[in-house]
Amino acid sequence: MTKKHFCYLILAIIISSCSTNPYKTTEKAYDQQLKTLENQITSKESKTIPAVPPLAIDTSYAQQLGIVKDTLSKTGSTYLVNGINTEWVGTVNFNLRKPSFVIIHHTAQDSLQQTINTFTKTKTQVSAHYIISENGKVVQMLNDYLRAWHAGNSTWGKTTDLNSCSIGIELDNNGFKPFTEAQINSLLALLTKLKKDYNIPTQNFLGHADIAPGRKQDPSALFPWKILAEKGFGIWPDEVLEPAPFDFKIEPALRIIGYNTKNLSAAIQAFKLHYIQTDATSVLDRKTIDTIYSIYKKQIQ
C-alpha cells in the first residue's frame with residue numbers, strides 16, 4: 001500500500017467515525033420506551049357489549065390508533081422560517097401525558113346502548129372515556145391517556161382545551177330524572193381509581209355546565225355534587241355560610257374559581273346549578289353571593 005493510499009484509508013476511517021450517531025444508545029432506549037408506551041395505549045381488554053358488533057368498535061378504535069406510529073415515533077428534520085432545520089435527538093426521559101381534570105356529563109339519551117351507538121359512529125364526532133349505566137355497569141370506550149371529544153368549546157380558568165387534559169365520564173341519564181344509587185356508587189368507585197392513578201386535584205372534578213356556561217346544563221340539578229365533595233371529588237360550600245364582605249366582587253371571584261365570565265349571567269347560572277341546585281337562575285341574592293364567597297375562599301386556599 002502506498003503512502004498516498006494509506007492516507008486515504010485513514011481519512012475514510014475518520015469520516016466514517018464522524019458520521020457514527022453518538023446518540024445510538026439513547027436512541028435505542030427511546031425506541032424501546034416508545035414501544036412500551038404504544039403498547040400501553042393500544043392494549044385494552046375485550047368486553048362484550050350487547051347488540052353492538054365488537055368488531056365494528058374494535059376496527060374503528062384501531063383505525064384511530066393508526067396515528068400512533070406517526071405521532072409518537074421520532075421525527076425528521078423540520079424547516080423553520082428563520083432558515084434553521086431542526087435536528088432529531090431522542091431523549092430517554094419521557095412518558096405519556098396524564099389527565100388533570102374529570103368532567104362529568106349526563107348523556108341526555110334514553111339508554112346505555114343508545115349512547116354506545118352514538119360514540120361508535122364517526123359522523124357524531126363525540127365521545128367519552130367512560131359511560132356508567134343506571135344499573136352501575138361501567139363501559140370504558142377510550143384509554144385514559146387518549147383525547148376524547150366530550151368537552152367541546154370550553155374553558156376553566158386559563159385552560160382552554162379541556163379535551164386535552166381531562167377524562168370524560170357520561171352518566172346514562174336523560175337529564176330529567178334522579179341518578180340511581182348503583183350509578184353513583186360506580187361513579188364514586190371509578191373516581192377513586194382515577195384520582196389515585198393520576199393525582200387529580202380535588203377541585204378539578206367538574207361538570208360540563210361548569211366549563212361551558214350557557215351552552216351546557218349537564219349534569220342536571222339532580223346530580224349529587226355534595227356527596228361527591230364529601231368523598232373528596234370537588235369542593236362544597238360551608239354548611240354555615242360566612243357573609244361576604246361588603247366590597248366582595250362577584251365577577252372576579254367567579255373567574256378565580258374557574259368560570260368563564262364573558263357572559264356573567266350564564267356563569268352565575270352554571271355556578272348555582274352546581275352549588276345551590278334548588279335555584280339555577282342568574283339572580284344574585286344573599287345566599288348566592290355568600291355561597292360564591294365560600295367556594296372562592298376554598299379555591300384560593
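At what angle do helix α9 (residues 250-257) and helix α11 (residues 286-300) pack, and how far apart are their axes? The angle is about 40° and the axes lie 9 Å apart, where axes are lines fitted to C-alpha atoms, for helices over the stretch in contact, and angles run from 0 to 180 degrees between N-to-C directions. The model is predicted, so that local features need pLDDT of at least 70 and side-chain atom pairs count only at pLDDT 80 or more, while totals for chains, interfaces and linings use all residues. Residues are numbered from 1 along each chain as its sequence is written, and side-chain values use heavy atoms, with hydrogens and water left out.

Helices are DSSP runs (H or I, at least four residues), as are strands (E, at least two), and both are numbered from the N terminus. α9 and α11 are oblique to each other, the class left over once angles under 35 degrees count as roughly parallel, over 145 as roughly antiparallel and 65 to 115 as roughly perpendicular. On the α9 side, I250, A253, L254, I256 and I257 meet I289, I292, I295, Y296, Q299 and I300 of α11, contact meaning heavy atoms within 4.5 Å. The residues of this contact of α9 with α11 comprise 10 nonpolar, one polar and no charged, where Ala, Val, Leu, Ile, Met, Phe, Trp, Tyr, Cys and Pro count as nonpolar, Asp, Glu, Lys and Arg as charged, and the others, Gly among them, as polar.

With α10, α9 makes a contact in which E251, L254 and I257 meet L264, A267, I268 and F271; its residues divide into six nonpolar, no polar and one charged.

| Helix pair | Angle | Axis distance |
|---|---|---|
| α9 and α11 | about 40° | 9 Å |
| α9 and α10 | about 60° | 11 Å |

**Pocket and cavity**

The second largest pocket has a volume of about 290 Å³ and is lined by 19 residues, with H106, T107, E170, H208 and K216 nearest its centre. Three of the lining residues, the largest share, come from α5, and by class the lining of this pocket has five nonpolar, 10 polar and four charged residues.

The structure also holds one cavity of 30 Å³ or more. The largest cavity, with a volume of about 40 Å³, has among its lining residues H208, D210, D218, W225 and H274, and α7 (208-211) and α10 (264-275) each supply at least two residues of that lining. On a 1 Å grid over the protein atoms alone, a cavity is a set of points where a 1.4 Å probe fits but cannot get out, whereas a pocket is an open set with protein on both sides within 12 Å along at least five of seven lines, and lining residues have an atom within 4 Å of a point. Grid points are joined across faces, edges and corners, and a volume is the space filled by probe spheres set on the points.
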